[in-house]
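Here are my notes on the ligand site and the pockets, written with your kind of work in mind. Please keep the structure open while you read.

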Amino acid sequence: MESAVNAPVSPRLGENFASVRASIEGAVRRAGRPTDSVTLVAASKTVAPETLEEAIALGHRTFGENRVQEAVAKWPAIRERHPDVRLHLIGPLQSNKAREAVALFDVIQSLDRPSLCKALARQCAEQGRSPALFVQVNIGEEPQKAGIAPVETTAFLEACHEVYGLVISGLMCIPPAGQSPAEYFDRLAELAERNGIPALSMGMSGDYQLAIAHGATHVRVGTALFGSRT
Ligand SMILES: *Cc1c(COP(=O)(O)O)cnc(C)c1O
């Protein structure tokens, strides 16, 4: 796989990254925030390893995966060549995958229940690793969606700390589809502020500039970078 290090970069991927980076910079500037205050997490579910190498060749280093199994299959080999890649888990985590998740990810954004706190705390202790943890909030209170209910978030954050000894550094949400996300972004920002949580992961391809205007520190962008998933 030596050749992959110098993978040719497809013009479209280069344009997409340049355009998303420029949009982020614009949104950050308009919000009057420091330039480095927003991290672009490239949501790379279903994206092939060759394309990930191209994104790395373009200088990108932070990626988000939805499924532990897919990430375990794709990333260890790439990371041997690029140890500075940072991986976020942005999809649901089953407790029986906690071991693999703690071993692989730098950030776990989908902490959403006490049983997972317990599994993660145990794995962090066993492995001597401590990925940054974000709590996923079901900000639209949708029955089919994962996440802690907004009204329960403060108590859950307290339990993370007091019962499980976990430091929570961020909140994450996926607002309801087909509605203006602005009020949901504000609600998440309010919950974070009230609980002294510094990071806010919100905003995807369709609304990341708006999310930045509402305080996002992490945007998770897939389609706008890699094209539509088939
Ligand atoms: C796929 C995914 C994204 C990226 O969505 P796009 O609309 O393709 O930018 C962001 N967050 C999560 C949790 C995802 O699963």
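1. The ligand takes up the space of the largest pocket. A molecule counts as sitting in a pocket if more than half of its atoms lie within 2 Å of the grid points. Pockets are found on a 1 Å grid over the protein atoms alone, as open sets of points where a 1.4 Å probe fits, with protein on both sides within 12 Å along at least five of seven lines; lining residues have an atom within 4 Å of a point.

2. A word on the source: this is a predicted model, where local features need pLDDT of at least 70, side-chain atom pairs count only at pLDDT 80 or more, and totals for chains, interfaces and linings use all residues. Residues are numbered from 1 along each chain as its sequence is written, and side-chain values use heavy atoms, with hydrogens and water left out.

3. The largest pocket has a volume of about 290 Å³, the space filled by probe spheres set on its points. Its lining holds 19 residues, of which Lys 45, Asn 66, Ile 90, Ile 174 and Met 204 are the closest to the centre.

4. Around the ligand (a heavy atom within 4 Å), the residues include Ala 43, Ser 205, Arg 220, Val 221 and Gly 222. By class, this shell has five nonpolar, four polar and three charged residues, with Gly counted as polar.

5. Helix H2 (11-30) gives the most to its lining, four residues, and strand S1 (39-43) supplies at least two. Among the lining residues are Arg 21, Glu 25, Thr 39 and His 60; the lining divides into four nonpolar, three polar and two charged.
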